[in-house]
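Hello,

Here is the structure I promised to pass on to you. Have a look at it first, and then read on for what turned up.

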Amino acid sequence: MNLTLGANTIINHNDIIVKISSGLPVDASAFRLFANDKVKDDLDMVFYGQPNNENGSISWKQDHNKNHEFIVNLSKLANDVTKVAFTISCDEYQPISQLSNLSIQIIANNQVIAVGEVDITDRPEKALIMGEIYRRNSEWKFRFIAQGFNGGLKPLAENFGVNIVDEENSSETITNQVSNANQVNNSNPSSKVNLNKISLSKYKTMVSLDKQDNYGMIGINLNWNKSNKEQKGFLSSFLNINKKIDLDLAAFVRLKDKSIYVIQALGNTFGSLNSPCYVQLMEDDRNGSNKNDEWIYINGKYWKQIDEVLIYTFIYEGVPNWNQIDATVSVQVPGQPEIETQLTEGNNKNRLCAIVQLKNDKGAIKIQRLNKYFRGQRELAHAYRWNFRWQAGRK
């Protein structure tokens with residue numbers, strides 16, 4: 001069904017895909033809205049920087065043609081959700097009229113049930129509300145809108161009640177996070193969405209940062225499971241289920257001269273920032289209770305001498321249960337977007353997770369999400385061709 005502007009159609013399926021296609025790359029977002037047509041918090045916005053919300057009702061990905069797809073489970077939307085709005089912005093290719101085409105499709109059971117084609121002729125806007133799914137008399141409908149916003153994604157998001165971090169302040173914020181990483185921060189967390197945050201997932205696995213002579217102090221942070229509750233009872237104690245998990249952050253480092261290093265608390269090989277290997281583990285958080293968790297730093301002043309840094313984490317003590325750990329690793333480079341990835345799809349029989357690779361790509365930094373699980377360091381090293389000689393060790 002081809003929809004004209006303002007037209008709607010009934011959706012008789014719980015699971016649908018909302019697909020946005022364009023002639024040039026655009027950013028696409030979905031906003032979960034309530035009675036006042038506003039979001040309640042940051043999790044109501046789904047986009048490249050936050051590809052999933054908390055209950056799995058909406059998720060984002062890009063297909064092989066770089067079209068945006070939002071997977072929506074209508075049955076998971078809370079009763080007080082009145083609408084889901086789908087938007088695009090094209091700040092890089094402004095205005096909308098410079099796109100060769102623009103459309104939105106509703107897909108169910110692999111069939112297109114509705115299409116809205118945007119007439120982009122002489123459209124001066126930088127952003128559009130493409131369409132919305134909304135409740136009407138206990139059923140869901142889709143309406144084709146194509147409502148424009150001249151200011152791009154920021155005013156569009158603020159129209160829905162999302163507070164956006166100003167780009168001019170984002171670099172200062174990231175730099176401050178890195179330089180003060182070992183200080184305890186008791187302030188309330190920000191309620192603003194940072195559009196400069198990049199989330200790596202199985203759909204978006206790699207990002208490259210512009211080449212610089214000196215990247216400054218690069219921080220890699222492991223944040224995990226501060227609220228884990230122990231199980232009680234004789235059986236769990238007997239089976240050692242209550243034992244605290246010790247999750248360690250570590251790295252393999254290769255320099256341009258082919259020398260290789262292991263950076264980890266096991267064996268007290270913490271590294272050094274100002275001499276080869278130019279990488280250092282700053283803290284070993286034994287139970288996840290420390291507010292700053294664990295940090296590895298890379299001295300970006302010496303990035304030209306570094307070939308690769310492979311970041312991994314392993315469960316040193318405790319029963320492997322990656323689903324309970326709920327770990328997030330972020331890469332923070334001063335003046336660059338914060339890059340974040342979650343440890344998901346874990347194999348609970350394996351104790352080690354390879355997280356990301358930072359590779360020297362002709363002086364630039366290429367960051368690749370790995371999210372691969374192994375029995376231990378020896379298996380990890382073999383998989384990625386690191387020629388270490390291993391022996392047993394303890395912290």
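Let me begin with E132, which counts as buried because its relative accessibility is 8% (buried means under 20% relative accessible area, exposed over 50%, partly exposed in between, with a 1.4 Å probe and protein chains only). Before going further, please note that this is a predicted model, where local features need pLDDT of at least 70, side-chain atom pairs count only at pLDDT 80 or more, and totals for chains, interfaces and linings use all residues. Residues are numbered from 1 along each chain as its sequence is written, and side-chain values use heavy atoms, leaving out hydrogens and water.

Which residue does E132 meet in a salt bridge? The partner is R143, at 2.5 Å from N to O; a salt bridge here is a side-chain nitrogen of Lys or Arg within 4 Å of a carboxyl oxygen of Asp or Glu. E132 sits in strand β11 (residues 127-136) and R143 in strand β12 (residues 139-149), eleven residues apart; strands (E, at least two residues) and helices (H or I, at least four) are DSSP runs numbered from the N terminus. Both residues also belong to a network of salt bridges with D37 and K83.

By this rule, the count of salt bridges is twelve. Another one joins R375 to E379, with the closest N and O atoms 3.5 Å apart. R375 is exposed at 62% relative accessibility, while E379 is partly exposed at 27%.

Finally, K304 and D213 form a salt bridge at 3.8 Å between the closest N and O atoms, and both residues are exposed.

Best wishes
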